[in-house]
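Dear colleague,

I am handing over the structure below, together with a short account of what was found in it.

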Amino acid sequence: MSALAKRRAGVILRLGAVAATLVVFLFPVYWLVTMAFKPQQEWAPTEGQIFWLPHDWTFGNFRRIFGGSATGDSGLSFLISTPIDALTPILNSLVASVGGTALALVIGTSTAYGISRFGAGGKVLPFQILQLRMFPPIAIIIPVLFLWTYLKLFDTLPGLVIIYAAITFPFVVWLMRSFFDEVPREIREAAIVDGCSELGAFRKAVLPLVRGGLATTALFVFILNWSDFLIALVLTSQRVHTAPVFLSQIQSAATGQEYGSQAALGLILIIPPVLLSILIQRHLVRGLTFGAVKR
Amino acid sequence: MARIELNGLSKRFGDVTAVERLDLVIEDGTFTALLGPSGCGKTTTMNMIAGLETPSEGELRFDGSDVTRLPAGERNVGFVFQSYAIFTHLSAFENIAFGLRVRDVPSDEIVEEVHNVARLLQLGGVLERSVKELSVNDLQKVAIGRSMVVKPDIFLLDEPFSNLDAAFRTYMRAELKRLQRELGQTMVYVTHDQVEAMSMAERIAIMNNGELQQYGSPDEVYNAPVNRFVAEFVGSLTMNFLPARIGAVDGRPAVLLAGAPGAAIELPAVQMAGGPDGALTFGIRPEHVEVVDATTGRHDLRGEVRLIEPLGPRTVVHVGDGERELRVVVRPSDEPRIGDCVGVRFERSRIHLFDDATGRTLGGDHG
């Protein structure tokens, strides 16, 4: 085989691998999107016919999850299922995820700065914080349920915010610590000599240098919280159900699992993380941030 | 402007003593260099003056008032870091303006002050640019500008030029000296480069192992080093050191170079006063050794030319006699050839004698 043919074969092989990977990863997204627009008859194969694309495109699934009826008329569908509304669960999810992320960032970032710059907690503390993540959340969720009931945090938004912050706190500390480690200590010292307080030096000189890292951490933690199912399932009841818990419960007596409505809600739930990633994409590229400090 | 007084200042990090009982007075308006090898405690000393480290012991005074525990931000010092510590999220202008913004100076004043500083440092063209686009040379100027703009009483510079290329470093040394003269500030400059210290500073404090070795003018530390460490550290060509002992020639005291019969150098008794009976080290700078004709008898030692290093205006000749090797500075026109047998003669008034046990200089007014 000539060198050119070899190289061409290599390229083809590589493209093939890329294509196969893309198919595997994008298939669920494709199925989710099409399912969201399929009427109930097309949710499952009928008479061996698989519906790769919806035959009769419909917004019925979206109407259904926001309190309307899937078929558009007010007739028979009421008998099939009681009306549901996903708006409150989505708002609950937003508040709990954003609140938990913000709380974890505030506490975690200050902890990370203390560890990185001042050696707070010695060698032990950072590992103790990491140990918090060495067991799966399900291992502690039942005791937490008792605790939350006792503290009257069960089925409340503050309860969710606190548990989300607590569970993601170790990630924030470890991620932010490595970003702070990269900032030369002279940055803080220069700000202090120039008249800043300790807090001022942190806010005006150090923090702006790690904003890329902060954005990355925020996105990561937000996605963790946003996609949580298990914790919300245990620690909430009807009142502050989050969107993922709500989604799992969309079903009706007549049809069982309502795949189309679930897909419609799933599609909506993808939007915030995607929007957030686009918004902070600029910061995800760390580029020259530290380039000018030492060469 | 301020006079800095260090009284018995010590700094320990755990078991490590970085600075040991340092006494130093830096007079108002002087340009002083803290010189020493890395790890000698000079940067720690600087950090204590700036307030970035709290002394373990001793006190620090600015113009007589105790500032030992005063927060860094209230000392009104400017600090230029070796790594520049430029805030990369701000423009060059905002970097320089940083200290003024912290002090809540009105905007129009900030603009004026920053432009004054930029003019002084010839930074006019780059003010509005992001620092990411600046050259290393301009970054260093921005760092200097940032500490200058708040008109500090004391200007501290920690090896500010070590990352610059050679040509710009020479230029910046001259610029800095000019700036210091114009502003009349007390300037303290940390460096491990003795050429830098000698060429810029009015006073040099030489440190080693956390202790002050000598404090004096460049002329003093060069011509009258108090110990072997200073003698070896200062001077662009390292001093020649030869083992020797005190003896006598014809009943008169003399220094006898080890292993060189007949190499006895008569010295005035005063220069050896206080010396021990036995061994000592004889030191002489390459500049103070002369190559002479080996046949005339004027020489102190004889040897063979082993190596010739032309350094432009002068040439360093290595002369060896099997026991030792000496570096000698000659004019390029007087260059011998490798393998020549030559004599060397020591300039009598330039000879230094060091106690082997303590390293201290013997005789003279500082023995």
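This is a predicted model, and between chain A and chain B the count is one salt bridge. That salt bridge pairs Arg146(B) with Asp194(A), whose closest N and O atoms are 3.7 Å apart. Polar contacts across the interface of chain A and chain B, with both residues at pLDDT 80 or more, come to two residue pairs. On the side of chain A that touches chain B, at least two residues each are supplied by helix H8 (185-193) and helix H9 (198-209) of chain A, and H8(A) gives the most, with seven residues. By class, that side of chain A has 12 nonpolar, two polar and seven charged residues. In total, 21 residues of chain A are in contact with 24 residues of chain B, and the two chains bury about 2,100 Å² between them, 65% of it on carbon and sulfur atoms.

Within chain B, the domain assignment gives domain 1 (4-227) and domain 2 (240-355), and the centres of these two domains, taken over C-alpha atoms, are separated by 40 Å. Five residues of domain 1 of chain B are in contact with six residues of domain 2 of chain B, while the area buried between these domains is about 440 Å², with 47% of it on carbon and sulfur atoms. On the domain 1 side, Tyr222(B), Asn223(B) and Pro225(B) lose the most area to domain 2 of chain B, and together they account for 86% of what that side buries. Between the two domains of chain B the count is zero salt bridges, although three residue pairs are in polar contact there, both residues at pLDDT 80 or more.

With best regards

Technical notes
Residues are numbered from 1 along each chain as its sequence is written. Chains are lettered from A and ligands numbered from 1 in the order in which they are written. This is a predicted model: local features need pLDDT of at least 70, side-chain atom pairs count only at pLDDT 80 or more; totals for chains, interfaces and linings use all residues. Side-chain values use heavy atoms; hydrogens and water are left out. Domain bounds come from an automatic or database domain assignment. Contact means heavy atoms within 4.5 Å. Buried area is the accessible area (1.4 Å probe) that two parts lose on being put together, summed over both. A salt bridge is a side-chain nitrogen of Lys or Arg within 4 Å of a carboxyl oxygen of Asp or Glu. A polar contact is a pair of N or O atoms within 3.5 Å; within protein, one must be able to donate a hydrogen and the other to accept it, and residues adjacent in sequence count only if both atoms are side-chain atoms. Helices (H or I, at least four residues) and strands (E, at least two) are DSSP runs, numbered from the N terminus. Ala, Val, Leu, Ile, Met, Phe, Trp, Tyr, Cys and Pro count as nonpolar, Asp, Glu, Lys and Arg as charged, and the others, Gly among them, as polar.
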